[in-house]
Amino acid sequence: MPKSETKRSRPIHEVKAGMVKAAIWANDTTRGTRYSVTIARLYKADGEWKTTQSFNPRDLADVVRASVLAELWLQEQHREAAA
């Protein structure tokens, strides 16, 4: 399948704190689903929303908040799977 026709993978969940977004990804393995988290800062340039993995000092509290929200969501998924 040509690259332009391939489906782009999407995170299974996203949380946001200020302009910082944490995206949670599910990776199916032979040992079950493993999760990973990517964190990015949103900004607008030339009228378009973009992301960067570079953070200003004032963004760091939002990085922490987004990380905690992602962790809480993952813990809830783990509790639901164990029930």
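Visitor: What does Arg79 count as, at its relative accessibility?
Guide: Arg79 is partly exposed, at 48% relative accessibility. Buried means under 20% relative accessible area, exposed means over 50%, and partly exposed is what falls in between (1.4 Å probe, protein chains only).

Visitor: What sort of model is this?
Guide: This is a predicted model, in which local features need pLDDT of at least 70 and side-chain atom pairs count only at pLDDT 80 or more, while totals for chains, interfaces and linings use all residues. Residues are numbered from 1 along each chain as its sequence is written, and side-chain values use heavy atoms, with hydrogens and water left out.

Visitor: Back to Arg79. Which side chain does it meet in a salt bridge?
Guide: That of Glu76, at 2.9 Å from N to O. A salt bridge here is a side-chain nitrogen of Lys or Arg within 4 Å of a carboxyl oxygen of Asp or Glu. Glu76 and Arg79 both lie in helix H1, three residues apart, or about one turn of the helix. Glu76 counts as partly exposed, with 31% relative accessibility.

Visitor: How many salt bridges does the structure hold?
Guide: Four. One of them joins the side chains of Arg41 and Asp59, at 3.2 Å from N to O. This pair links distant parts of the chain, 18 residues apart: Arg41 is in strand E3 (residues 32-45), and Asp59 is in the loop between strand E4 (48-52) and H1.

Visitor: Are those two buried or exposed?
Guide: Arg41 has a relative accessible area of 16%, so it is buried. Asp59 is buried as well, at 8%.

Visitor: And which residue does Asp62 pair with?
Guide: Asp62 and Arg65 form a salt bridge through their side chains, 2.7 Å from N to O. Both lie in helix H1, three residues apart. Asp62 is buried, at 14% relative accessibility, whereas Arg65 is partly exposed, at 46%.

Visitor: New topic, the fold. How many helices and strands?
Guide: The protein chain has one helix and four strands, arranged along the sequence as β-β-β-β-α. Helices (H or I, at least four residues) and strands (E, at least two) are DSSP runs, numbered from the N terminus.

Visitor: Which residues make up the largest nonpolar core?
Guide: There are nine: Val15, Ala17, Val20, Ala22, Ile24, Val63, Ala66, Ala70 and Trp73. Strand E1 (13-17), strand E2 (20-29) and H1 each supply at least two of the core residues. The largest share, four residues, comes from H1. A nonpolar core is a set of buried Ala, Val, Leu, Ile, Met, Phe, Trp, Tyr and Cys residues joined through side-chain atoms within 4.5 Å.

Visitor: What is Val20 in contact with, leaving aside its neighbours within four places in sequence?
Guide: Val15, Ile39, Ala40, Arg41, Phe55, Asp59, Asp62, Val63 and Ala66. Contact means heavy atoms within 4.5 Å.

Visitor: Which residues make the nonpolar surface patch?
Guide: Val64, Val68, Leu69 and Leu72, with about 320 Å². Patches are made of residues with over 30% relative accessible area and no salt bridge; like charges are joined within 9 Å, and nonpolar side chains (Val, Leu, Ile, Met, Phe, Trp, Tyr) within 5 Å. Leu72 is in helix H1 (residues 60-82) and is partly exposed, at 45% relative accessibility.

Visitor: What is the accessible surface of the protein chain?
Guide: It comes to about 6,600 Å², of which 51% belongs to carbon and sulfur atoms. Accessible areas come from the Shrake-Rupley method with a 1.4 Å probe, and for residues, only the protein chains shown count as cover.

Visitor: Last one. Where is Asp46 found?
Guide: In the loop between E3 and E4. Asp46 has a positive phi of about 55° although it is not a glycine, and it is exposed, with a relative accessible area of 79%.
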